[in-house]
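Visitor: Could you walk me through this one?
Guide: Gladly; here it is.
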Amino acid sequence: MPGRSNAELSTEELNARKALVAERTSFGVLLTDARGLTQWINPAFERLSGYSLQDLIGRKPGQVLQNERTDPAVLDELRAAIREGRSFRGDLINRSKAGVDYIVAIELDPLHDEAGALVGFAAIQTDVTGHRQAERDLAEASARARFEAQRLNLALAGGDLGFWDWNPTTSALTVNDAWRRVLGFEAHDLKGDSSDWTDLLHPDDTAQAFAALASHFDGSAEIYEARFRMRHKDGHYVPLMARGKVVEWGDSGEPTRMLGIQIDRTAEAKRHDELDRLRVEAELASRAKSEFLANMSHEIRTPLTAILGYSELLQEAPCSADAWERRSEMVDAIHGAGQHLLTLINDILDLSKIESGRMRTERLEVDLPALLREVLDLTRPQTVDKEVTLELSLDSPIPTTIFADPTRLRQILVNLLGNAAKFTEVGSVKLCVEVVDGERLQVAVADTGSGMSEAQAEGLFQPFVQADGTVTRRYGGTGLGLTISRRLARLLGGNVTLVRSELGRGSRFMLEAPLELAPGARFVTEIGASPPAHAPRTTAPGTLTGRVLLAEDGPMNQRLIRAVLTRAGFEVDVVDHGADALALLAATTHEGRRYDLLLTDMQMPVMDGYTLAKTLREQGCALPIIALTANAMAEDETRCLAAGCDDFTTKPIDRPALLSKLAKWIERGRPSSAAQGPEDPRRRSA
């Protein structure tokens, strides 16, 4: 279904995996800035060099580690690579903190930001001291035409390196135990000739291996070196690297003896494969993030265009009767755009709370038929202007009351039904409810809409990737609805799955949740009709009285909230921050005038709302305090109450809910004379 989310991993999970690879790898890893100054090393680098991060941070590694025996030409090439921001491969001789010399093969690569600017380098170091010593031994053997093969064999076997002794003219081939062990063979498994090598070579690597041999034989390459794969006894292929040299030539100039080593590259190949995989995942995550941000920008700017545009028209519109009718339409459009923005923000906050583990669920008694009627009523407006019917099917009797989290259950069903209605232009959207085995509640949402391809459906429930992420996509939204629905369902002990989807033929989603009957629950075969439309459950009282002190630093919010409160009947004074509120409360107390309630923003300059509430409570002030904040997380409410506030409400303000809270707390404080200062403390009502 176009417009739905799909991502392999979140940014936090991806970074955690990269860090785990870097921490656990046996290869030394060092990160520098663009000037080559050390920023970070992994544990393997510390073990190799003996130096800690504190020893190296902010310094060029060569200033600490470099041994004077390193080839000056190699050092010049390394410095040039850093200066020019390019890759480097080579061997360096380092000296550890304990004074021990060792040789490392270094792979240095530049790091760039998304704009392509150089931000630093990543260096991967492999301790090749033993390997290079073996190669030097081999070179010495090459210089001595009659080198004792068995002695070299024993020396290399001690370093766990495969050794081979080959006569290219007769094809005789001798290998040591380490050579055989890497490939899983015993001595009796091999023939002792060239076929022990050629028959095991991977077909794709044969041409390259023989080309390297030819280059060495004709003098183009001083040393034979090739990377290839050979078949293990159990059938899989092992990545290897071979180095060797002809040490004896026949009278006619033909090679008659060649000595060499063979190194198992399995660990190196795995490291490169893992780095390649991480790079691909990082590119996918970056592309997904870019698409998500682009779509979010579109989703936010679209309602903002309506809000700003209609606001300008309202400023310019004449005061004729016709203009007043158009004003009403403009105000409706502004309000609708604002509600859309609020939905976007709530989606992002919900996903953030779920991913951080801060989402909490409730266990309340729920009227299941009433909840089903409610979600159908909430979805119906999306279908009235289309040739779409909204249907309900009870595929089994359902209980009248269950224990569940009504808010989250409603949110899941509204998301599923809303998605189905959005992607269906003709046909039907059907809600199918069934109790299975008396233990599970299954609610399916089926539509006859646009459907999805297999590729679109594959990662449908992943965040930040939409089935259609292009700028020409037809349907809007954050693409987080299905992600949130599945994760909420799992928090409730169930799941949301895609049962089927086909392009042009619609989709069917399934919510499955554990069923817990409430006491006295009956089973019914119909949910009944929706009650007549009525006013919102939270309504503001008709006429209100009382003196309210508003602490709010935003001029626009000051004017808006003052207008809402004074229109309701309150007398309102406004201050810009907590310090002014303290001063005014103290002054009015001395003058014998008192406020009935303090409504305070929690984030203000000079003195914030938390400090204001805490200070008043420490002074013994029992004035009711209602926190007003744009932070809508559960922990934000807890923090406000812990600071001394009596209640909590969020921005943007819900006018009826705000007025009801003010009326409740003012009325609660009136039976006893509310104290505003330390001279008349009283106990606050809970």
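The talk below turns to a sheet, its helices and some salt bridges.

Guide: This is a predicted model, in which local features need pLDDT of at least 70 and side-chain atom pairs count only at pLDDT 80 or more, while totals for chains, interfaces and linings use all residues. Residues are numbered from 1 along each chain as its sequence is written, and side-chain values use heavy atoms, with hydrogens and water left out.

Visitor: In what order do the five strands of the open sheet come?
Guide: The order is β21-β20-β22-β23-β24, with parallel pairing; strands are DSSP E runs of at least two residues and helices H or I runs of at least four, numbered from the N terminus, and two strands pair if DSSP finds at least two bridges between them. The edge strands, each pairing on one side only, are β21 (571–575) and β24 (647–650).

Visitor: How many bridges join β23 to β24?
Guide: Four bridges join β23, residues 625–629, to β24, and I626 stands opposite D647 in β24.

Visitor: Which strands does helix α21 touch?
Guide: Helix α21 (residues 655–669) packs on the sheet and touches β20, β22, β23 and β24, where contact means heavy atoms within 4.5 Å. The direction of α21 makes about 165° with that of β24, on a scale from 0 to 180 degrees between N-to-C directions, with axes fitted to C-alpha atoms, for helices over the stretch in contact. Helix α19 (residues 609–618) lies across β20, β22 and β23, running at about 150° to β22.

Visitor: What does R617 meet in a salt bridge?
Guide: The side chains of R617 and D646 meet at 2.8 Å, N to O; a salt bridge is a side-chain nitrogen of Lys or Arg within 4 Å of a carboxyl oxygen of Asp or Glu. D646 lies in the loop between α20 (634–643) and β24 and R617 in helix α19, so the pair ties together parts that are 29 residues apart in sequence.

Visitor: Is D646 buried or exposed?
Guide: D646 is buried at 12% relative accessibility, and R617 is buried with 17%; buried means under 20% relative accessible area, exposed over 50% and partly exposed in between, using a 1.4 Å probe and protein chains only.

Visitor: New topic: how many salt bridges does the structure hold?
Guide: The structure holds 33 salt bridges. One of them links E274 with R277, the closest N and O atoms being 2.5 Å apart, and these residues, three apart in helix α11 (residues 266–316), are separated by about one helical turn. E274 is partly exposed at 24%, and R277 is partly exposed at 30%.
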